[in-house]
Each structure stands twice: as C-alpha cells, then as structure tokens.
Amino acid sequence: MLPTEDYYRLLPELVASGFGILIMLAEPLLPRERKGWLARVALVGALASLGSTLVAAQFPGMAFYSLIRLDNFSVFLHVIVFGIAALVVLAAHHYLESEGLPQGEFYALLLFATTGMGIMAGANELVTAFVGLEISSISSYILAGWRRDALKSNESAMKYFLLGSFATAFFLYGVALVYGSMGTTYLDNLSTAISANRGGATLLILGLGMMFVGLGFKIATAPFQVWTPDVYEGAPTPVTALFASAPKAAALAMMLRIFYTAFGSAGDTWFWAVWVSAALTMFVGNIAALVQTNVKRMLAYSSIAHAGYLMVAFAARTEIGIAAIIFYLVAYALMKLGAFTTLAHLGGSGEQRLDIEDYAGLATKRPVTAACLSLFLLSLLGLPTTAGFLGKLYVFNAALNANLVWLAVLLAVNSVIAAYYYLRVIMAMYFREAHSDWAPEPMPRAIAFVLLITAAGTIYFGLFPSTLMNFAAQGALSLR
Amino acid sequence: MNGSYLLTVVTFLPLLGAVALFLLRGDDHKWIRRLTLVTTLADLGISLLLARGFDPAHPTYQFEELRPWIQSPPINYHLGVDGISLWLVLLTTFLTPICVLCSWESIQTRVKEFHLMLLVLETGMIGVFLSLDLFLFFVFWEVMLVPMYFLIGIWGHERRIYAAIKFVLYTMAGSILMLVAILWLFNLTKTVDLAGTFDLPRIQAMLQTGAIVLPLRVELLLFGAFFLAFAIKVPLLPLHTWLPDAHVEAPTAGSVILAGVLLKMGTYGLLRFCLPLFPEASVRLAPYVATLAIIGIIYGALVSMVQPDLKKLIAYSSVSHLGFVVLGIFALNNVAIEGAIYQMLNHCVSTGALFLIAGMLYDRRHTRLIREFGGLATPLPVLSAFFLYVCLSSLGLPMLNGFVGEFLILVGTFDRSPLWAALGASGVILSAVYLLWAYQRVIYGDVTNEKNRTLPDASRRERIILATLAVVILWMGIGSPLFTRRMEASTANLLNQMSRPPRSYVATEDTRPQESRGVQPYARVSGTTAAVEAHSTKTK
C-alpha cells in the first residue's frame, strides 16, 4: 500500500489529467453553442493544478517507489508549466472560436500535454521520464495539426510527428544502453554508480549521447533544431506559444536532472557537447532569423537562439548556472507567450497577417498592441529593465563565473545579431507608413488579460528579480 | 549629507513628467509642450541647486545615495556626483529645455510621443552620469538607446530608418562586450567579498589597495571591452561611421542631444571607468589612442570641409572636436584632462547651437545643402549674426568658450608630447577653415536663390534660444575659473586613483580565467604608474 503522501506529490498531474478526462467526457454532451464552457473548465483545471502544486510542495520527497521526485526544482517547473497552460487556454479560446475549430479535445490535449511535462520535470527514473516525454509529445503532435484544413498545419504536425518519434526513439535507445551498462535506471542510483566508476564506458557514452540527441531535439538545440521553424510556423499560434515555452522548460529540466544530477561526475565527457551545441545553436538561430520576413517564423528561430543561451548557462555546470536557467525559463516563457499571443491576435482569420510588412504603421492604428509587442521584443533582445535582460545577465554571470569567457563573448556577439531582427519588427510598426487600410480587430478581453499578465511580469521581474531569483537558487540547490 | 534625495529627484523628475504626459490628450499639443518645458526647466532648477550645494574642495563623490536594489547578485542603487559629472548633468538639464523649445514648431506629428521620448531620454542621460554602480550605469546606458532610436526613426529625415538601426547596432555591439567585462570584474571581486560587488568606489578601492591584482593581460582585455563601448560612442576613428548618419537624419532636437550629450557619455566613460580602473592599460595604450584621436581630429576636419550638406559638416566637425577631447584625456595629466572636460562642455554648447541653427535654416527651406543657400545675411540678419558668433566659439576664438578648452588641452598635451600637441593644433586651424568657409557660402554674397529672398528672420522663440546659448558661450569663455575650480579636486583625484601598489615580480595569485593560463607570466615594466604620478604633480 502506497503512502498517501505519494498521491499528494503527484497531485498536480492527477488534477490536470482528471480535468482533461472531464473535458473529454463533457464535450459530446454539451450543445454546440455551449462549447465555450469547456474553456472555463480547462482554465479552472490549469489553475487547480497550479494550486495543487503548492499543496504538493508541502510534501517534498520521493514518491511511487522513487519513480517521482518532488523537490524545489520540480515545484518550480510545475509552476512554470501549469502557469503557461492557464495562459495558453486564455489565449486559445478566442482563436479557436473565430477559426471555427473544435474546442473540447483541444483543451483536453493541452492538459494532457502539460501533465506529461510535469512528469518530465519530476521524474527520478529514466523510463518514467520517457513516459512523461511521450505523453507530452503525442498530445503536442495532434495540437500542431489542429488547423486541419490548412496545409501548413498538416505539414507541421507530420514533421513534428515523424522527427519527434525518431528523437524519442533515440532517447529510449539511450536509456536502454545506459541501463545495459549501469544496471539501473534510477537517477540517484546512477549518480552513485558513476561515482563508484562501475559499468562500461563505451556503452555509457553512447547512451548519454543518444539521450542528448533526444532531449536536444525537444529543446531545439542545434544540430537537432531543423524541425522547429516549420512546426512553429504551421501550428496554430496559441499552440506555438505553448511549444515555444513549456516543452522546452520540461525537456531542459529533464536534461538537467539526467546530465547534471545523475551524470554530474562524468561532466567532462559531456561538457564539450554542451559547449559546442550552445555556440552552434545561438548562431544558427540568430543568423537564420535575420532573413525571415514572417514574424512567426522569425520568432521560431529566435526561440532556437534562446535555447542556445540556456545551454550556455548549462555548460557552466554550477548552481549559479542552474539558477540562471530557471530564472531565464520564467522570463523566456513570459516574453515568448506574450509575443506569440500578440501574433495570434494580429494574425487574424486564417493567420494571414504574419508578415513584417503587414505590421507597417501598426503603431498608429493600434498603439497599445504595438507597444506590447515592442516590449516583448525588447525583452527578447535583452534590454535592461526587462526580465529578458536580467535572464541574460544571469547567464553571462554563470558563464564568466565558470571561466567560460569565450562562450560569454559568443553570447554577446549573438545578442547584437539578434538586436537587428527584433528591431526590424519595431521599425516596421513605428517608423513606416501603413500600406493598406487593414487594422486588426479590437482585442478580446481574454487576450488582453494574457498580455497584461505577461507584460507586467516582464517588467516586474526586470526591475525586482530578487524574490524569483531566490526561488531559482533554492531550486538549483535541490538538484544536487 | 544634506539634500540626499537630490540626485534621485534630478534623475527621475523627467520620468515623472513623462508619466504625467500620459494623462494628457494626444492632440492637446499646446499643453503637452508646456508641461514638458516646465518639467525640464524644473529639472534645470534642481540641478542648479546641486551646483550650489556642491563643495569644490571635496575630491570624491557628493550627494551620495546608496540603497540595495537586487539581492543576488548584490546590486545597489548608488548615485553620486563629482566635479566631472556635475557639469555633464547641468549640461543635460540645460540642453533639454532648449530641445523642447526648438521642436516647438518643427515637430507636428505624434507630438505626445516625441515629448515622452525626450523626457525618458533625459532620465537615461542623467542616470548615466550619476550612477556609481556598474550595473546601474549599464542599465541607464542601454535604456537610453530606446528613446534615441525612436527619435531618429520616427521624426528623422529621409534615411532615418537606416540611421536609427545603425546607431543602435553600433552602440549595442560595444556595450554588450562592456557588460561581459563588467561581469568579469564582478566575478573578480568575489575573491575579496564573497558575494561580489558592482559598486564602483568599492571596486576602485579594491584595485587601488591591491586587494585585487589584475594581470596585465586581463587588464588589457577589460580595458579593451570598456574602451570599445566608449570609443564607439565618442566616436573615435575608425568607429565613427554611425555618427554622420545619425546626426544628419535625426530631427534637430535629436541632433542637439546626440552631439551635446550622447557623445560626451563616451568621453565621460573613458574618464570614469577606463582610466581609474585600468591605469596600466591606459598608460600603455595611450600613444595608440592618441594617434587615433589625432587622425580623427585631422580627418574629421578635412572631411567636414568638403561636405555639401550643412548638417553633415557639423557632424564631422564633432569627430574632429571629440578627437581633441580624447587626446586631452590620454595625455594623462591634470591640465589636459581638465581641458578635455571643459572641451566636452564647450562642444556641447557650441555644436548644439550649430545644429540648432542648421535646424532653423532647415525649417525655413527644407534643405540642408549649402549650395541652396547663399547671401542669407540680407534676409536673416539676426540669425546670421548668431551663426557667426557660434562659429567663432566653435573654432576657438579667445574670449569665447572653445578657446579655453582647446588651450588647456594643447598645453597639457604639449607637456606629454610636443608632437601630439603640434598635430592637434593643426585641427584648430582646419576648424577655422571649414567653419568660416561654410559660413561664407551660406551667409555672404548675393542672394543666389530666389526662394531665400523672402525668408523670415529669427522669431522670438528662436531669439530666446540663441541668446541663452550666446550668454552661456560668453560666460564660459570669460568665467572659466568658475567651472574649472569645481573640476580641479576631482581630476586630481582621478589621477590619484590611477596609482597602484607595485606589482610583485612573481605572479602571486592566478585570478586569470582558464583560457588565459599558459601565457607567459607577466613581467612588469617598471615606472609606468610612477610616470603618471610624476606628470600629475609636475603640472600642478
């Protein structure tokens, strides 16, 4: 008989999937004009999971025979993931209604996906982590193709599915090899086994490499990033907002647990992989983003670049680095959610208005929307007084603290490259005259609310990061 | 110390004004302008209080404010003013109301946003001069880019978009490496203080007492990162190419602020950070920097001589004048540095005035080309008179402000190297050539273009602006001790800060990062810091 605490420790996932099932059951029973209620249920579900994370936080420790580990790090990641889920529900509601897309399953899948991400963040065992990865991935594949009639959306889902299954297979194979060499899949056991220097080195390195590939795919680090722009561009924009923020956080959490915690003492074997991948990712993302004319696609490339920044902090292999990652994840989620939500609104029906040219003169037509988008872009660029800047500062600091001066310089170079394409959008909105009479429709309340939260968060954490940073530091401590 | 909130008030009053501006209706241009003017004038008044309360004998920072801001890493809200920053702050608060006045009629689109940007910019500029925390300094330094970007991009001339983005990218390229250097320095302080610090006076003390010893290679790298950021801003050849674009394309108020204040941030940064934090690197690299500065002086003057565009001519003259300032700074003695600071102030007033006059001509004719003008003395006698006066001040006529700065710089530089002084002095002659030649082509002769015959002369508003500047120019020319007396203690202190305890010959503690290991252990070239001290005492 399992102790009751174990269920508390899994409560966020239980609540989220419970609400997911509830929505699935209620969906066929509701008449067509009442389907909007499902959004409310989903919102309550996401918020309830968020709340239950706080309940779970009262019971730190292992659960389910050490399959799940609940510590500060996992709590923090749960808050990020479910917070994102709640905001995405709000952002998606209007989008789905105006596009005439089915709603019920959407919210259910969204909740299932976040459940999987929660498990990824808390897994203490490789197969459990894999199950979490699959739950979140499969839901994501379907969500990517939600605009059934749009060619791009289909392409997005297909690409994501094919490449994604390939990547998860890599991960699984890596798990098998590690198990073969070490005889255990529990992360804490692995950690002691590595320190005791048991097991065959070749198999282990192969296994580690394969897991790195699988997770690198999810985080979108080079050279496993090729799918990102197509998938992000084709997916419905609220889904892109989700993709860009939550799975990245969850997969990075998994990577930290596996590489930093379990294989930390073998750090020298994987350090250069992370270093090279970080440098490559930053350059690939930023240089490709320079030539994009579609804003959504540009932001997709920018999220690749940001994955590179996160990897820089990872390469530091210190608690300062982990804390920087956690802080950055929050800042990044806020600004990316904000930016993509704005795009979801501006895109209009059929997502037609996503070109930079469409936004020429937007500042005169819709000053508030333009100001919001500018804020998020400036934060992505890393302008002081925004959360994005402090995130980048912590990353810089972590890199320099670990004597990674060159990586810090590369990051600096990339920040300047990135400035160009972010400013290009702002330039179009403020400096150019409008070409056409097109003006976006008035902003729905739910979207305005999402933008308010994300914008306020971006500025608040940009000015007063101390509280968040303390939490992040605690989370980083619990990883060791 | 009394009035301990004064610096915060000076810094953030414009921002408060900007918030108040939000509440006004967008089409209520009159009150938007009035409110902005009142705010900036009030800020000027408060900064004058600052000058009154300033104690000239006190060598270090005054009116200091220190409050913790961010816990980890420990970042403080630390403001302070000394004899160097005091004048730059006054300059900023003096120039901003003038910019409001000069845009009174020329800015008619998006008036509210324009004034918002101007006020935010003022807060950013003052913050840069007053910050004593490296992080805080960087925040102001970067934030200030945004309003300037919009000022150029929205209200600029034809090629404004190109100019705006070039300006931002250039500045960012320099400043982001400075951020890396700041963080590197921060991590070095952790050997003394476990949490590390961004506090400038504390880092200064650590370096000066020898608590942190920078190996020469690290010092050179850090100096390089800081120097690059400032050299781009100054701008020093060959990093100056953003300047003509930005200055020419910006609206008049933008050009005035760019030339008047933003360029000074570069030279201020050299004085505040590069010299005191990295004295050995400064001394070693001084000949190279001075060479660049001299090339800049001559190149800027020659290029500006052949400009067909009046604004571009003034822009290139800035390259030349700022070369003087950098030359003075890197002569590394009391007189030259005082001269450099003085020249910073002069350049601000004189070049600001030149841009204002170019703007007034542009408002009348909507062209900046010199050949479109000619014989303006007939229709515009008052404006022409002011123009001549400002030209003379800019080229360094005795009794007017430009002379004092150039003279001090040349005297100080001569002390360091007669050759530098001789080459630099050629710039004074060249500046007379390009300014007077341009003046002649614009003002003298017959009216060649019929459109010019009926131009209205300076309006009352324009006369007020120009008269104010003229008074300041004269005052700075004959009352210079008033200014220099307040600088002396601080410049002496600056040179003092450049002294370091002698490095031991054996590399004691390896604070270098991993990558740098394996380089030859540093052998000290003796006497460099001693030479600095000798200079500073000799010139007293």
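**Contacts between and within chains A and B**

In this predicted model, 29 residues of chain B are in contact with 25 residues of chain A. On the chain B side of this contact, the elements that contribute two or more residues are α5 (134–143), α6 (145–155) and α7 (160–189) of chain B, and among these α7(B) provides the largest share, with 14 residues. When the residues of chain B that touch chain A are sorted by class, 21 are nonpolar, five are polar and three are charged.

Chain B itself contains 20 helices and two strands. Its radius of gyration is 23 Å, which is close to the 24 Å that the globule rule gives for 540 residues, so chain B is as compact as a globular protein of that length. Along the principal axes, the C-alpha trace of chain B spans about 75 × 55 × 40 Å.

The domain assignment divides chain B into domain 1, covering residues 1–277, and domain 2, covering residues 285–496. The C-alpha centres of domain 1 of chain B and domain 2 of chain B lie 23 Å apart, and the contact between these domains takes 41 residues from domain 1 of chain B and 38 residues from domain 2 of chain B. On the domain 1 side, at least two residues each are supplied by α3 (83–102), α10 (242–249) and α11 (252–277) of chain B, with the largest share, 13 residues, coming from α11(B). By class, the side of domain 1 of chain B that touches domain 2 of chain B is made up of 28 nonpolar, 10 polar and three charged residues.

Helix α7 (residues 151–182) of chain A packs against helix α9 (residues 201–219) of chain A at an angle of about 155°, and the axes of the two helices are 7 Å apart. Because angles over 145 degrees count as roughly antiparallel, α7(A) and α9(A) are described as roughly antiparallel to each other, and their crossing is left-handed. The residues that α7(A) brings to this contact include A:F170, A:F171, A:Y173, A:V175 and A:L177, while those from α9(A) include A:L203, A:L204, A:M210, A:M211 and A:K218. Sorted by class, the contact of α7(A) with α9(A) comprises 17 nonpolar residues, six polar residues and one charged residue.

Key
Residues are numbered from 1 along each chain as its sequence is written. Chains are lettered from A and ligands numbered from 1 in the order in which they are written. This is a predicted model: local features need pLDDT of at least 70, side-chain atom pairs count only at pLDDT 80 or more; totals for chains, interfaces and linings use all residues. Two residues are in contact if their C-beta atoms, placed from the backbone, lie within 7 Å. Helices (H or I, at least four residues) and strands (E, at least two) are DSSP runs, numbered from the N terminus. Ala, Val, Leu, Ile, Met, Phe, Trp, Tyr, Cys and Pro count as nonpolar, Asp, Glu, Lys and Arg as charged, and the others, Gly among them, as polar. Domain bounds come from an automatic or database domain assignment. Axes are lines fitted to C-alpha atoms, for helices over the stretch in contact, and angles run from 0 to 180 degrees between N-to-C directions. Angles under 35 degrees count as roughly parallel, over 145 as roughly antiparallel, 65 to 115 as roughly perpendicular and the rest as oblique. A crossing is left-handed if the near helix is turned anticlockwise from the far one by less than a right angle, and right-handed if clockwise. The radius of gyration is taken over C-alpha atoms; the globule rule is 2.2 Å times the number of residues to the power 0.38.
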